[in-house]
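Open the model in your viewer and keep the selection panel at hand. This tour goes from pocket to pocket.

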Amino acid sequence: MKKYFAIFPALALLLLTAYGPVAPVSSDLTTETQRQEVRSVMEGAGLSNVDTFFSWVEEYNEAAAADTFLDSDTNCRLTAFLLLQGLVESNPVTDYGTYLMMDVDALDRDPRYELLKDQKGTFISLFNQVSVAEETEDYLQAFPKAWEERGVHFPEGKVSLVSVVMNDSGEQCLFIGHTGVLVEGDKALWFLEKLAPDKPYRATEYADRGELAAALLGRTEYTLGDEDFPTFLLENDRVLQP
């Protein structure tokens, strides 16, 4: 029997070479089994407002199944902030730029965000755009520097914020065009995100951070832009490379 078992490692290597690495596993959280698995990971990592998150998920999925668009459905930043409420700290900020106008309006007007209103200043500190001049050399540090000035402190442990930082050459600013929460599970990394207001919530299991970074930077909607300041990723306040 031993000679047959000895074949399996070689066979696995052959299959990996022939077919490439296993693709990340994504779930739009449409089944109870999927939701329970992801809930276990989230609760184990100590994320905030897990019950509220899943109520948002089910509300969206029900509307999508009925082909009814939720024009007030949430976006990636508000979803990430829901999960990190109380875990991210900052000095509150009241002024904000163009890219947060709709987010702040939603916080002020939409009853679903009532539980987040008292931390609106922290939300602005975390996600408000950062001005950059054309001659800025180390633009990769523009957000980390701004966060330091705003007193932003990220959680330590199994949870982190991953931000897709994009450039607006017209306004000469960098802004967070997409974001999600990264959780270190027992066997893999889980990335939790709301793809867009009209797109689903998604949980994706990745083998490592490089795989996550490659996947995010492979989305053309995030990488089309000014070549002077190419899109890049931050995990908390550190640059995340593919």
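Predicted model: local features only at pLDDT ≥ 70, side-chain atom pairs only at ≥ 80, totals over all residues.

Residues are numbered from 1 along each chain as its sequence is written, and side-chain values use heavy atoms, with hydrogens and water left out.

**Stop one: the largest pocket**

Select N75, R77, M102, D103 and P197. Of the 28 lining residues, these are the closest to the centre of the largest pocket. Its volume is about 560 Å³. (On a 1 Å grid over the protein atoms alone, where a 1.4 Å probe fits, a pocket is an open set of points with protein on both sides within 12 Å along at least five of seven lines; lining residues have an atom within 4 Å of a point. A volume is the space filled by probe spheres set on points joined across faces, edges and corners.)

Now colour α5 (76–84), α6 (101–109), β4 (173–184) and α10 (220–223): each gives two or more residues to this lining. Helices (H or I, at least four residues) and strands (E, at least two) are DSSP runs, numbered from the N terminus. α6 gives the most, five residues.

**Stop two: the second largest pocket**

Move to V41, G185, D186, K187 and W190. They lie nearest the centre of the second largest pocket, which has 14 lining residues. About 190 Å³ of space lies here. Show α3 (32–45) and β4, which each supply at least two lining residues. α3 has the largest share, with five.
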